[in-house]
Amino acid sequence: MFLEATRMKLSLNEIPEEGLTLSEKFSPGEMGLQMPGLKFLSPVEVTAAFLKEQDLVVVNVEARGEQELLCGRCLEAVKSPYEGRFDLSYEVKGKFALDVTDDIRQEILLSFPLKPLCKEGCRGLCPACGNNLNHSPCQCKR
Ligand SMILES: [Zn+2]
Ligand SMILES: [Zn+2]
């Protein structure tokens, strides 16, 4: 069960000794999960397991969604499932609440390749006429 949310935050005293798991769904727009060449097509499902050890909170995050990337060579949009796993940790001495939304967004955005490809060996665009060489050869003389 994923609850719809705009931020993932909690009070530290809500985390019991055995830990706490939250499952929330984020609208990509509200979470700011966009950058040039990347967008999410569906809400991003985030499951985060919080474990408190004295002054440290460790968060085990799993995120899933459906993404659309622009191929770095031919500029075609490619859809693919996104799945990410990462850990975050926080020093919480003297704190009462924890908001992990921004760090989750950062981790998700950092996990994307700078130059994604639609497929291995994408032939890209012809530098002269702009034809997509995956679809057909072009008539330009090279
Ligand atoms: Zn391509
Ligand atoms: Zn050409």
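Predicted model: local features only at pLDDT ≥ 70, side-chain atom pairs only at ≥ 80, totals over all residues.
Residues are numbered from 1 along each chain as its sequence is written, and chains are lettered from A and ligands numbered from 1 in the order in which they are written.

Asparagine 134 is found in the segment after helix 2, helices (H or I, at least four residues) and strands (E, at least two) being DSSP runs numbered from the N terminus. With neighbours within four places in sequence set aside, the residues in contact with asparagine 134 are Cys74, Cys118, Lys119, Cys122, Arg123 and Gly124, where contact means heavy atoms within 4.5 Å. A polar atom of the asparagine 134 side chain lies 2.8 Å from the backbone nitrogen of arginine 123; a polar contact is a pair of N or O atoms within 3.5 Å, for which, within protein, one must be able to donate a hydrogen and the other to accept it, and residues adjacent in sequence count only if both atoms are side-chain atoms.

The zinc ion (ligand 1) is coordinated at 2.2 to 2.4 Å by the SG atoms of Cys71, Cys74, Cys118 and Cys122, donors being N, O and S atoms within 2.8 Å of the metal (3.2 Å for Na, K and Ca), with the caveat that water is not among the atoms, so sites may look incomplete. The site of the zinc ion (ligand 1) is tetrahedral, with angles of 107 to 113° among its four donor atoms; four donors count as tetrahedral if all angles lie between 85 and 135 degrees. The donor residues of the zinc ion (ligand 1) are spaced C-x2-C-x43-C-x3-C in sequence. Because cysteine 74 lies in the loop between strand 6 and strand 7, and cysteine 122 in the segment after helix 2, this pair ties together parts that are 48 residues apart in sequence. Cysteine 74 counts as buried at 5% relative accessibility, and cysteine 122 counts as buried at 4%, the classes being buried under 20% relative accessible area, exposed over 50% and partly exposed in between (1.4 Å probe, protein chains only).

Cysteine 129 and cysteine 140 each lie in the segment after helix 2 (101-110), so the pair ties together parts that are 11 residues apart in sequence. Cysteine 129 is partly exposed at 44% relative accessibility, and cysteine 140 is partly exposed at 27%.

Strand pairing was examined next. Strand 6 pairs with strand 7 in the antiparallel sense over 15 bridges, two strands being taken as paired if DSSP finds at least two bridges between them. In this pairing leucine 70 stands opposite alanine 77 in strand 7, and the hairpin of strand 6 and strand 7 has six residues between the strands, with leucine 75 in the turn taking a positive phi of about 65°. Strand 5 and strand 6 run antiparallel and are joined by nine bridges, with leucine 56 in strand 6 as the bridge partner of glutamate 53. Two residues lie between the strands in the hairpin of strand 5 and strand 6, where glutamine 54 takes a positive phi near 50°. Strand 4 also pairs with strand 6 in the antiparallel sense, over three bridges, and lysine 39 stands opposite glutamate 68 in strand 6.

The largest nonpolar core has 31 residues, and those with the most contacts inside it are Met8, Phe50, Val59, Leu98, Ile104 and Ile108; such a core is a set of buried Ala, Val, Leu, Ile, Met, Phe, Trp, Tyr and Cys residues joined through side-chain atoms within 4.5 Å. Among the elements that give two or more residues to this core are strand 3 (20-26), strand 7 (77-91) and helix 2, while its largest share, five residues, comes from strand 6. Isoleucine 108 is in contact with Leu33, Phe40, Val44, Ala63, Tyr82 and Phe86, leaving aside neighbours within four places in sequence.

Conventions. Heavy atoms only, no water. Tetrahedral: all angles 85-135°; square planar, octahedral: opposite > 155°, others 65-115°.
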